[in-house]
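Subject: A structure for you to look at

Hello,

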Amino acid sequence: MNVVCLDLEGVLVPEIWIAFAKTAGIPELERTTRDEPDYDKLMEYRLDILREHGLGLKEIQEVIAKIDPMPGAREFLDEVRQIAQVIIISDTFSQFAKPLMQKLGFPTIFCNELVVNDTTGEITGYKMRCPETKLTTVRALHQAGLQTIASGDSYNDVGMILNSKAGFFFRTIDALKKEYPDVPAYTEYSELLQAIKAAL
Ligand SMILES: [Mg+2]
């Protein structure tokens with residue numbers, strides 16, 4: 001049995017932190033895993049900036065509620081879900097993902113958790129499910145007797161892409177295309193859907 005493992009941000013929805021940075025007027029928050037491959041470093045950097053600006057979960061969630069999936073994402077996902085099992089594997093946090101999952105028809109998502117101070121709303125930290133979340137998840141699926149087909153746009157997707165029976169970049173950056181020339185790179189949902197169908 002096949003499981004299609006999809007990245008969320010950059011593939012189905014815009015980068016949540018970039019959308020937040022633009023609305024809040026804090027350009028320093030526009031750094032993503034594309035700029036800083038070390039996710040722990042990136043998150044510490046983001047949380048420090050939020051603290052400096054006195055911004056909590058509520059303010060971020062208000063922005064996320066306004067973000068829409070990329071045009072065509074819902075239709076693409078609905079089509080893939082008709083032909084295979086789909087899991088969105090994301091390094092985002094459940095508190096951020098919820099309003100977006102509603103707009104995508106509540107697909108299955110495996111992501112992480114923010115640690116939030118209930119009284120002040122301050123984000124005090126975060127809990128990753130496990131090291132190398134995406135790669136670890138596809139390996140666990142393989143151990144459970146499943147085959148995976150993976151797609152993502154960024155550095156943290158490379159592990160699951162290379163270790164799946166088929167893997168594709170979607171709307172990725174030139175540096176990754178150059179570094180992994182054997183991984184097909186697509187920009188349109190129709191191309192990715194076709195590639196997934198061929199790999200099933
Ligand atoms: Mg991404």
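In helix 6 (residues 133-143), the buried residues are T133, K134, L135, T137, V138 and L141. Buried here means under 20% relative accessible area, exposed means over 50%, and partly exposed is in between, with a 1.4 Å probe and protein chains only. Helices (H or I, at least four residues) and strands (E, at least two) are DSSP runs, numbered from the N terminus. The buried residues of helix 6 pack against strand 1 (2-6), strand 2 (85-93), strand 3, strand 5 (147-152) and helix 7; contact means heavy atoms within 4.5 Å. After helix 6 comes G145, with a positive phi near 85°.

Before you go further, please note that this is a predicted model, in which local features need pLDDT of at least 70 and side-chain atom pairs count only at pLDDT 80 or more, while totals for chains, interfaces and linings use all residues. Residues are numbered from 1 along each chain as its sequence is written, and side-chain values use heavy atoms, with hydrogens and water left out.

Helix 7 (residues 158-162) holds M160, which counts as buried at 0% relative accessibility. Leaving aside residues up to four places away in sequence, M160 touches C5, L6, D7, I89, K134, L135, V138, A150 and S151. M160 and M1 are 159 residues apart in sequence, and their C-alpha atoms are 17 Å apart in space.

The magnesium ion is coordinated by D7 (OD), E9 (O) and D153 (OD), at 2.1 to 2.2 Å. Donors are N, O and S atoms within 2.8 Å of the metal (3.2 Å for Na, K and Ca), and water is not among the atoms, so sites may look incomplete. Along the sequence, the donor residues are spaced D-x1-E-x143-D. D7 counts as buried at 5% relative accessibility, and E9 is buried too, with a relative accessible area of 10%.

Now for the chain as a whole. The protein chain comes to nine helices and seven strands. Its C-alpha atoms fill a box of roughly 50 × 35 × 30 Å, taken along the principal axes. Buried residues make up 50% of the 200 residues. Among contacts between residues at least 6 apart in sequence, 57% join residues at least 24 apart.

Two helix pairs are worth a look. Axes are lines fitted to C-alpha atoms, for helices over the stretch in contact, and angles run from 0 to 180 degrees between N-to-C directions. Angles under 35 degrees count as roughly parallel, over 145 as roughly antiparallel, 65 to 115 as roughly perpendicular and the rest as oblique.

The axes of helix 4 (residues 73-83) and helix 9 (residues 189-199) come within 10 Å and cross at roughly 10°, so the two are roughly parallel to each other. From helix 4, A73, F76, E79, V80 and I83 meet Y189, L192, L193, I196 and K197 of helix 9. By class, this contact has eight nonpolar, no polar and two charged residues. Ala, Val, Leu, Ile, Met, Phe, Trp, Tyr, Cys and Pro count as nonpolar, Asp, Glu, Lys and Arg as charged, and the others, Gly among them, as polar.

Helix 1 (residues 16-24) and helix 3 (residues 57-64) pack at about 100°, with axes 9 Å apart, and are therefore roughly perpendicular to each other. Here I16, A19, F20 and T23 in helix 1 meet E59, I60, V63 and I64 in helix 3. The classes are six nonpolar, one polar and one charged.

Finally, some details in loops. F106, in the loop between helix 5 (94-103) and strand 3 (108-116), has a positive phi of about 50° although it is not a glycine. F106 is exposed, with a relative accessible area of 54%. R171 lies in the loop between strand 6 (166-170) and helix 8 (174-179); its phi is also positive, near 45°, and R171 is partly exposed at 27%.

Best wishes
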